[in-house]
Amino acid sequence: MMIPYRHQAGGPDEFPADYQLLLNIRRRAADLVNVKLAKSGGLSAARTLLELARAQGMGTILGCMLESEIGTGAAASLVAAYGTTMVSDLDAVWWLQCPAVVGGMRYQGAAVVLPDAPSRGISGLVAAEARDAREARA
């Protein structure tokens, strides 16, 4: 669901379904906001929320909601390109029983490592049979 709003510069725009976060930012209702791609409507909307929070003098982090390597990698790419004021919470892939894709982001200790390759380094999907076999062994 997209909720129309008027950008601070005065131009019409569309805003993500995370309308409550937008209200909290506008009211300066917190010292820190946790923006999530899945709730905000994607990369552009998440970046807009981060910009609005910064304009209000609020701290920012980017979080995730059990996305696969695809969504968590996208969130990590936004943090790498745009930055946040605190360490972001990008641990969703740790909770997966098995990967959904071949390639993509990975963890090195507590750090997210983004591949230097097209398509965020994803070369394919893990076959359902392979996932089922891994889950059966677990």
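Modeller: Let us begin with the order of the elements. In this predicted model, the protein chain runs β-β-α-β-α-α-β-α-β-β-β-β-α from the N terminus on.

Colleague: How many helices and how many strands does the protein chain have?

Modeller: The secondary structure comes to five helices and eight strands. The chain has 138 residues, and buried residues make up 36% of them.

Colleague: Let us turn to the surface. Which residues form a nonpolar patch there?

Modeller: Leu-66, Trp-94 and Trp-95 form such a patch, and together they have about 420 Å² of accessible area. Of these residues, Trp-94 lies in the loop between helix H4 (69-82) and strand E5 (101-103).

Colleague: Why does Trp-94 count as partly exposed?

Modeller: A residue is buried under 20% relative accessible area and exposed over 50%, with partly exposed in between. Trp-94 counts as partly exposed because its relative accessibility is 47%.

Colleague: What is the volume of the largest pocket, and which residues are closest to its centre?

Modeller: The largest pocket has a volume of about 230 Å³. It is lined by 14 residues, of which Val-87, Ser-88, Leu-90, Ala-110 and Val-112 are the closest to its centre.

Colleague: Which elements each supply at least two residues of that lining?

Modeller: They are H4 and strand E7 (111-113). H4 gives the largest share, three residues. By class, the lining of the largest pocket has 11 nonpolar, one polar and two charged residues.

Colleague: How many cavities of 30 Å³ or more does the structure hold?

Modeller: The structure holds one. About 30 Å³ of space lies in the largest cavity. Its lining consists of Glu-69, Gly-73, Gly-104, Met-105, Leu-114, Pro-115, Arg-120 and Ile-122.

Colleague: How is the lining of the largest cavity divided by class?

Modeller: There are four nonpolar, two polar and two charged residues in that lining.

Notes. Residues are numbered from 1 along each chain as its sequence is written. This is a predicted model: local features need pLDDT of at least 70, side-chain atom pairs count only at pLDDT 80 or more; totals for chains, interfaces and linings use all residues. Side-chain values use heavy atoms; hydrogens and water are left out. On a 1 Å grid over the protein atoms alone, a cavity is a set of points where a 1.4 Å probe fits but cannot get out, and a pocket is an open set with protein on both sides within 12 Å along at least five of seven lines; lining residues have an atom within 4 Å of a point. Grid points are joined across faces, edges and corners, and a volume is the space filled by probe spheres set on the points. Ala, Val, Leu, Ile, Met, Phe, Trp, Tyr, Cys and Pro count as nonpolar, Asp, Glu, Lys and Arg as charged, and the others, Gly among them, as polar. Patches are made of residues with over 30% relative accessible area and no salt bridge: like charges are joined within 9 Å, nonpolar side chains (Val, Leu, Ile, Met, Phe, Trp, Tyr) within 5 Å. Accessible areas come from the Shrake-Rupley method with a 1.4 Å probe; for residues, only the protein chains shown count as cover. A salt bridge is a side-chain nitrogen of Lys or Arg within 4 Å of a carboxyl oxygen of Asp or Glu. Helices (H or I, at least four residues) and strands (E, at least two) are DSSP runs, numbered from the N terminus. Buried means under 20% relative accessible area, exposed over 50%, partly exposed in between (1.4 Å probe, protein chains only).
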